[in-house]
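Dear colleague,

Please find below the structure that I am handing over to you. My findings follow directly after it.

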Amino acid sequence: MDMWWKVGLVLVMCWGLTSSEAREEHHNSSSRTSMFRAPLDFGFVPSVVYETHAYYEPGPIGVLFHMVHAFLYVVQPNPFPKDLIVTMVQQNMGGLKGDDYKKPENVVLLLQTIYYELGFIVLTVLGVLFVLFMPIVGLCFCMCRCCENCGGEMHQRQKKNGDCLRGFYMATLVATSVFLAVGVAVTYAANQNITSQIKSTRRLVNTNIRDLKSFANYTPAQIDYLAAQYTTAKNKVLSDLDNIGILLGGQIHNQLEREVVPALDNALRMTAAMREAKESLESVTTSLETLQEGTGRLQNSLQSERASLSNTLNDPACSNGDVTHTCITIRGTLSQLALSANFNGLPEVEAPLANLDAVLETDLSNIVQKGYSSFNDTPRLVREQTKDIVSALPKVKGLLDRSCGEIIGFTKMFPVEPALENFTKFLTESQKNIEAYYPQIDQLDFYRWLGCVVICCMVVLILTFNFLGLLCGSCGYDKNATPTTRGCLSNTGGNLLMASVGFSFIFSWVLMGVVVTTFVVGGNIEKLVCEPLANRKIFEIIDTPYMVHPAKKNFLPGMLFQDPNIDLTLGSMYRDCYENNGLYSALQLETKFNFNRFLNATVYNLELAKIFNSVNVDLQGMLLLEQEGKDNLIDFANTGIGEINYQAYLNEVNKGVTVVDLLSYANELEAHADQLPRGALENALKGHASSIRQIHKDQVVPMEQAMGTLSQSIKMLQKTSRELPIKVTNVLNAIEAAEYLISNNVSHVVKQETEKFIKNIMGYFSQYTEWVKHSLATEVAQCKPISNIVDSLEIVACSFIVDSVNTFWFGLGGCCVLLIPSIIMSIKLAKFYRRMDTEDVYDDGAENWS
């Protein structure tokens, strides 16, 4: 076992070479990790699946084990005496000399030990008394029987309740014998369970050794894999440096576009506003020409229609009765056939349109696109200004290759593979040596099994006489026969019962001696070893400071590292191995082998830092908007759009084309015509109504459409004229602010993004070390086989052997106790079955046998 620890220590020294940063720098490394652009994929460490399942389910016999545990708890309900054991060991580290046992502290410890062992002491004393007095009582009983005392007289007193007594004795003996049979079965089952589980022990030994071999064989591959994954971080660093223009330039571009892109977008939107304004002015001009031309034609048409309608109303028919009133009504509406809006007096917009045409001669969109192109060219500028970094890539690669070589070389400094090979040979030899003992173990177990069977046969012999005696006595008993005339079969049953009594006296003290011995040993092992091993409290004793060695605080680090002050205990190591963590974490090897120091001397070196910190980017020559574009925006604001009399246009547009709606007027005229008598006047008025509708369709409708277009264009121009000065001012201010940022404050942005870029580069190494740290803690050299050895020892020693031994004495002890009532009932019942020499004789000659 010591050799295993030493070999394991050599392995862990190599694992330490590829460990992560020290625990005290965990916070800083975590903060660097949060700035990574993307996590690196280091793949999966080659894993090993261990065979051993250190778990035991006893099956049906587990019920007996629980019964024994409950009995031991009644015997010994006190908790595990950790403090008592620690005090005893520490006070008597050098052993007792002379009269040391008389010292008060030792007397107190003795009393505390007696108090703790009180239950065992009481039962042991009772067992010893049983062993001492049982043969004496048997001898005395034999002598008394020979002297015809103690029931030895072959004469049976006749009693009225004789049949009841015989039935009671027989029932009690039957019940006692049944329980004796159960006790023998429990004893034999426990004995057989030991033999059966010894074969399972071989399986545990083989799987544990195979797991240890796997543990040793997989470790070199895991170490090599951890070291090889440094190449992943190295390649990512070289890739980022080779693409520094895209990566760093892109980051700078992203930071500046918050100010630059909105300003250029607003300038680009102004070009659209220019085109919309021009289209609106052109629409106003076209619509105004259409309306002015249409106004003249419509005015002539309406004048002609009024004259014609007036002549019709002068017809003599209008002077007849009711017709006169209608004609007068129609004549009163003739003035409504007139124009409402006058578009001839509206101001012209040719001057603003001409100014706008002059402004549009400059292609502002192209100028803004040049600004976009200049800004989007940031990655190329960064690439050109970081040529020194790109040209230094071979040197960086050489430095990283050197670091990688140092890591791999450092892992080869120790004779790992020879040590592992020797360790594997040691395991193979150990397995052969253990297997060589299997025949001897089987032979010894056979002798043990045979001895226990002999013990069981003693009880079985007594049981055999009991059952045969009961059978013969019950079958041969004749209640009409007198005690002196009982049959042979009945007499034989009584003799068999007395034989059972004799063998009980002969064997009982031997059986109880076996019970007491196994009870004291097995019970104390269960309470002092197995239970604390199951709940891991035994580690609390072993891990008590200065417990194993008076000069060493913690013996495990003192044995491994010659430094007993390291806070490393068997309990903590067992817990880590039970959770299948790495041995590096279980042994807390970072206290002795800190990879961070080695990594700082290799990866984080000054030459790399100097190269990375030489990054320098200057974007002051970037121009977003040329002066021609700025002048163009100012000219746009001064085209005179704001000086147009929009209210005059809106006033005329809102008036409508005619004073009255011609369609409504035509409908009313037709309604008046329907009120007239049929004739020429009615037809003439309806003809005028049709003419008015035609005028509306041919002339008014096109003018209304032109007025709608004019109204929309005027409103849009009016809105543009109100917002134009402010918009132009805002665009120019935003452009100037962005250019000021680039020319004056870009150094801060560049420095900030450059620092982030460098942190990202160095962060790849931090990712590597964090991954190695996690892998060492959880995946490399998973030490489950070590905890499996402890658990397997517990299963073999406690579950296979101690539990079975305790169940053995539990069943056998019950048999010993039941032998007492068996002896008493057998003696009493034999009196009713054996043939007596004399019998009671009554004076009246009547016999009453009961």
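The notes below cover the aromatic contacts, the helix packing and a few individual residues.

This is a predicted model, in which local features need pLDDT of at least 70 and side-chain atom pairs count only at pLDDT 80 or more, while totals for chains, interfaces and linings use all residues. Residues are numbered from 1 along each chain as its sequence is written, and side-chain values use heavy atoms, with hydrogens and water left out.

Aromatic contacts

A search of the whole structure gives 19 aromatic pairs. Rings of Phe, Tyr and Trp (for Trp, the six-membered ring) are paired if their centres lie within 6.5 Å; planes under 30 degrees apart count as stacked, over 60 as edge-to-face and the rest as tilted. The ring centres of F42 and W771 are 4.9 Å apart and their planes stand at 25 degrees, so this pair is stacked. It links distant parts of the chain, 729 residues apart: F42 belongs to the loop between α2 (26-33) and α3 (62-75), and W771 to helix α28 (residues 680-778). Helices here are DSSP runs (H or I, at least four residues), numbered from the N terminus. F42 and W771 are both buried; buried means under 20% relative accessible area, exposed over 50%, and partly exposed in between (1.4 Å probe, protein chains only). One aromatic cluster is formed by F42, Y225, Y230, Y768 and W771.

The charged end of R202 sits over the ring of Y438, 4.6 Å from its centre, and K784 lies over the face of Y578, at 4.1 Å from the ring centre. The criterion is that NZ of Lys or CZ of Arg is within 6 Å of the ring centre and within 35 degrees of the ring normal.

Helix packing

Helix α18 (residues 488-534) packs against helix α29 (residues 784-833) at an angle of about 155 degrees, with the axes 6 Å apart. Axes are lines fitted to C-alpha atoms, for helices over the stretch in contact, and angles run from 0 to 180 degrees between N-to-C directions. The helices α18 and α29 are therefore roughly antiparallel to each other; angles under 35 degrees count as roughly parallel, over 145 as roughly antiparallel, 65 to 115 as roughly perpendicular and the rest as oblique. By class, the contact of α18 with α29 has 28 nonpolar, 13 polar and three charged residues (Ala, Val, Leu, Ile, Met, Phe, Trp, Tyr, Cys and Pro count as nonpolar, Asp, Glu, Lys and Arg as charged, and the others, Gly among them, as polar).

How do α21 and α29 cross? Their axes come within 7 Å and cross at roughly 110 degrees, and α21 and α29 are therefore roughly perpendicular to each other.

Individual residues

Two residues other than glycine have a positive phi. For N580 phi is near 65 degrees; N580 lies in the loop between α21 (570-578) and α22 (583-586) and is partly exposed, with a relative accessible area of 22%. For A781 phi is near 50 degrees; A781 is placed in the loop between α28 and α29 and counts as buried, at 2% relative accessibility.

Two further residues are listed with a partner elsewhere in the chain. V178, in helix α7 (residues 162-228), is partly exposed at 41% relative accessible area. The C-alpha atoms of V178 and F467 are separated by 9.5 Å, and the two residues are 289 residues apart along the chain. I330, in helix α10 (residues 321-331), counts as buried at 1% relative accessibility. Between the C-alpha atoms of I330 and L669, 339 residues apart along the chain, the separation is 7.3 Å.

With kind regards
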